Amino acid sequence: MTEATDTAGLLSLVPRAEARQSMKDFKSDQEVRWCPGCGDYAVLAAVQGFMPELGLARENIVFVSGIGCSSRFPYYMNTYGMHSIHGRAPAIATGLATSRRDLSVWVVTGDGDALSIGGNHLIHALRRNVNLKILLFNNRIYGLTKGQYSPTSELGKITKSTPMGSLDAPFNPVSLALGAEASFVARTVDSDRKHLTEVLRAAADHPGTALVEIYQNCNIFNDGAFDALKDKDRAEEAVIRLEHGQPIRFGAGGRKGVVRDPATGDLEVVEVTAENEARVLVHDARTASPTTAFALSRLADPDTLHQTPIGVFRSVERPVYDTLMAEQLETAAAAKGEGDLAALLAGNDTWTVVG
Amino acid sequence: MTSQVSSPAEQADGAGGAEPAVVGEQRTPPGPGGGGKEVRRLDRVIIRFAGDSGDGMQLTGDRFTSETAAFGNDLSTLPNFPAEIRAPAGTLPGVSSFQLHFADHDILTPGDAPNVLVAMNPAALKANIADVPRGAEIIINTDEFTKRPMAKVGYETSPLEDGSLGAYNIHPVPLTTLTVEALKDFGLSRKEAERSKNMFALGLLSWMYHRPTEGTEDFLRRKFAKKPDIAEANVAAFRAGWNFGETTEDFAVSYEVAPATRAFPTGTYRNISGNLALSYGLIAAGRQAGLPLYLGSYPITPASDILHELSRHKNFGVRTFQAEDEIAGIGAALGAAFGGALGVTTTSGPGVALKSETIGLAVSLELPLLIVDIQRGGPSTGLPTKTEQADLLQAMYGRNGEAPVPIVAPRTPADCFAAALDAARIALTYRTPVFLLSDGYLANGSEPWRIPDQEELPDLRVAFADGPNHTLGDGTEVFWPYKRDPGTLARPWAVPGTPGLEHRIGGIEKQDGTGNISYDPANHDLMVRTRQAKVDGIEVPDLEVDDPDGARTLVIGWGSTYGPITAAVRRLRYSGLPVAQAHLRHLNPFPGNLGEVLRRYDTVVVPEMNLGQLATLLRARYLVDARSYTQVNGMPFKAEQLAKVLEEAIND
């Protein structure tokens, strides 16, 4: 059980579980119907395993999803849940979270759901900083519709709908979220249970919208999309693990590091030497400006995924929409008194007709 | 010579029952209020203020309306303005007008043709003159009738001088000059002073019709509280207009329209527009249901005023969420409904099109939700500020799959209050999205409203599910989210936070009872039919038919055509032609007796501001040879026009 770093106290609005919970408590009675070998199983297990840690009353947790393979997620969680329509989960969850601050509201979405058909809702949820935890399962492909390219697929992707290769440059979800004023942005990988859980923990504690991009393997239509980050031999050179307050180093023995190019201000990867070691950037997820987090998000090669940072890019506190909305209601009630319906209906200009 | 005399047939717009019309014109001796001038009594007057969209005509009309309401007349208004905020000055498309009909008896429409037109410039005259009957009075701001403004709208010679207005009773008034003159001691620039000319015109009309003035002066001081000099300048212009009427010889007569005391049942009244009444209806529905009201909306004409109004009442616990788009507006409302709020989204036709998929989800989730559609001219962007009733079939059928949604339609501006409560009753009782179909005419039009006591409002309280509702074969108590109430077929509303009732719902077909995903063909057939049966079984009152004379022709309408249809029916009955009238509030489901009512008549006429959408439904459902009469010019029907159509139908 970790101590929540919930400085805005939002989790404290959610009732606590009376008894100790286990992973079993969060499994619904529904048979899980993803393809055997799908990365979604690992994420589901990680979430079910992590939920008891939060210690929240199960009935006050809600999972809302859109459409796509990952959006079946709520059916498998023994909490309240809604499997809604394509792309709209952030909008629906916004209504729920802003009207019920006693709930812990989670959104489960995919790269097509969140970044294509639902792109607008995603960026506006992030900008508003509604108290939502958004898990974006990115498999860089459309799975449920059987294998068309997605908005995160690499340029030139050969799929059923793009036999000669896709023509559009992919989104980098972390860059997009940072550009949309997100207060919490993280990336993790389905197969790294420990890292995934750590990121979920940080997201749950965050007051406001937390976006967690989860690289998730679709073993049917895009198998091995993240092998570069998972393969033991290659991962060490490809993955940059971000840890707040730590120098950003990776590669065998930490031989590589991220430094700022003094000429452009941009970030670059260098071989760490005694000479430049002091220049290696120390990761600061809590800095007010998103500039460096954005620069970090640009290090990855969209094709090979080399130099992909994972972990929490940004975690800053700023006003939470639901809180502000609730405060306006309180302010109005304090200033004008609780609504008096008869007075409202009568208004200022009335006349009386006597029989 | 004045046209301000009601003919008996016109008077019949207002006369209730068979009682003959009361007063056409009566002369009363000059009284102190008339300043020694002649005062005539009228039973009803129609005034139209017309000017540039920047001239403040809507404000002028609103103020005259408030004065008239305070005086106790019955009234009905028709604001008419362009979609552009400031259309090019002095052009025909830039003309904005406000028509007000007020009377000493009960009236139903803003009137067919104005008795008095106030034309602030040549464009206003040109755009409105065709509606003005010969002999009517026209007050013209002569200052604007100079070469360029006249040329802009195609007047080669001045209509003030070329005799083309010979058939009218013209009052040429240099409104701008007089206003500037009246404000010369206020230290305003000429441009600033000119802005008050609408208040000068209002003052003049207020004198002509003996309107109380305190309300307008208070209003101006409140509105310009932060700019007291502007407030006083407007008050001064308003008073100058009044005094001008009293002193100048051109205005020899003023008019009295007595309060409509006999038209109104006992009670306390106020004037109210449709959008305001609808907003209050929503707040009242939340109150009566004991649920927080949650509005998810995206600004769109002519619905935005509801968003504005509700956002002012946060002390009622009302949450308003201005979403990123129409889809998010309804999405948030639906999310709030899942959490136990009274969820509402407000929009117009184009917004409904965008919300369709979410409405379908709400049908499938069986959650209460109100979709308020303030209809406007379509298709596409259409005529944003003009009225139409062409979303009926969109509301009825505009979704994928079999997705029945109840439809409620208010008939007058004030009726929007009761209609909102009724829509909420259906949504909450049957756990279903409900359409509330208002339109631009109802939204912006206004009329007196008897303020209801809270005891008169319906009890809308709902019981959330709080425990298991089903026992399995092995005796286990479980919660089934789709186990229905046998009477209403509504499913339980179990809100997050309720222990033991955790459940998952979604847009995929659900197994009857458990709500689990089911692709079973027989189950889908059952669920489709059950959702339809639930809507078909909604309790709605029988259709009332007004048929005092045993007519053979029935006129039936829905929504905002109530006023002009009823006015037309009164005219016909006054002239001895029997006609029956019925008006639908519930369009889905239809009242149970509708088929029987339709079959009772030889001829059924259906006037609509679309191309016959209700007529199509009636013909399909009841196999009656309903005659459609339609108009889609962005304006409400005129009573005269409908009377003619009905007369032809009766005589056929």
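In this predicted model, B:Pro589 sits in the loop that runs between strand 24 (586–588) and helix 19 (594–599) of chain B. The peptide bond between B:Asn588 and B:Pro589 is cis, with omega about -5 degrees. A cis peptide bond also joins B:Gly378 and B:Pro379, where omega is about 5 degrees. B:Pro379 belongs to the loop between strand 14 (369–375) and helix 14 (392–397) of chain B.

The loop between strand 14 and helix 14 of chain B also holds B:Ser380. This serine has a positive phi of about 55 degrees although it is not a glycine. B:Ser380 has 8 other C-beta atoms within 10 Å; the cut-off for an exposed residue is 12 or fewer, and B:Ser380 is therefore exposed. A positive phi, near 55 degrees, is likewise found at B:Leu623, a residue other than glycine. B:Leu623 is placed in the loop between helix 20 (613–622) and strand 26 (627–630) of chain B. With 11 other C-beta atoms within 10 Å, B:Leu623 is exposed.

Chain B as a whole contains 21 helices and 26 strands. Its radius of gyration is 27 Å, close to the 26 Å that the globule rule gives for 652 residues, so chain B is as compact as a globular protein of that length. Along the principal axes, the C-alpha atoms of chain B fill a box of roughly 95 × 60 × 45 Å. Of the 652 residues in chain B, 56% are buried. Among the contacts in chain B between residues at least 6 apart in sequence, 75% join residues at least 24 apart.

Helix 7 of chain B has 12 residues and spans 17 Å from its first C-alpha to its last, close to the 16 Å expected at 1.5 Å a residue. Since 12 of the 12 residues of helix 7 of chain B are buried, this helix is largely enclosed by the rest of the structure. Its buried residues include B:Lys197 and B:Asn198, as well as B:Phe200, B:Leu204 and B:Trp207. Helix 7 of chain B is followed by B:His210, which has a positive phi near 55 degrees.

Helix 9 (residues 228–247) of chain B has 20 residues. From its first C-alpha to its last, helix 9 of chain B reaches 28 Å, close to the 28 Å expected at 1.5 Å a residue. Among the buried residues of this helix are B:Ala233, B:Asn234, B:Phe238, B:Trp242 and B:Phe244. The buried residues of helix 9 of chain B pack against helix 5 (175–182), helix 6 (190–194), helix 7 (197–208) and helix 8 (214–223) of chain B.

Further along chain B, strand 11 (residues 293–297) and strand 12 (residues 319–322) run parallel and are joined by four bridges. Within this pairing, B:Tyr294 stands opposite B:Arg319 in strand 12 of chain B. Together with helix 11 (residues 304–311) of chain B, strands 11 and 12 of chain B make a right-handed β-α-β unit.

Between the two chains, 53 residues of chain A are in contact with 59 residues of chain B. On the side of chain A that touches chain B, two or more residues each come from strand 2 (80–83), helix 2 (89–99), helix 4 (119–128), helix 10 (321–336), helix 11 (341–346) and strand 12 (350–353) of chain A. Helix 2 of chain A gives the largest share of this side, eight residues. The residues on the side of chain A that touches chain B comprise 23 nonpolar, 22 polar and eight charged.

Strand pairing also links the chains. Strand 12 of chain A pairs with strand 10 (residues 267–273) of chain B in the antiparallel sense, over four bridges. In this pairing, A:Thr352 stands opposite B:Thr268 in strand 10 of chain B.

Helix 10 of chain A contains A:Lys336. A:Lys336 counts as partly exposed, with 15 C-beta neighbours inside 10 Å. A:Lys336 and A:Gly87 are 249 residues apart along the chain, and their C-alpha atoms are separated by 39 Å.

Notes:
Residues are numbered from 1 along each chain as its sequence is written. Chains are lettered from A and ligands numbered from 1 in the order in which they are written. This is a predicted model: local features need pLDDT of at least 70, side-chain atom pairs count only at pLDDT 80 or more; totals for chains, interfaces and linings use all residues. Two strands pair if DSSP finds at least two bridges between them. A crossover is right-handed if, with the strands pointing away from the viewer, the path from the first strand over the helix to the second runs clockwise. The radius of gyration is taken over C-alpha atoms; the globule rule is 2.2 Å times the number of residues to the power 0.38. A residue is buried if 20 or more other C-beta atoms lie within 10 Å of its own, exposed if 12 or fewer, and partly exposed in between; C-beta atoms are placed from the backbone. Two residues are in contact if their C-beta atoms, placed from the backbone, lie within 7 Å. Ala, Val, Leu, Ile, Met, Phe, Trp, Tyr, Cys and Pro count as nonpolar, Asp, Glu, Lys and Arg as charged, and the others, Gly among them, as polar. The expected span of a helix is 1.5 Å times one less than its number of residues.
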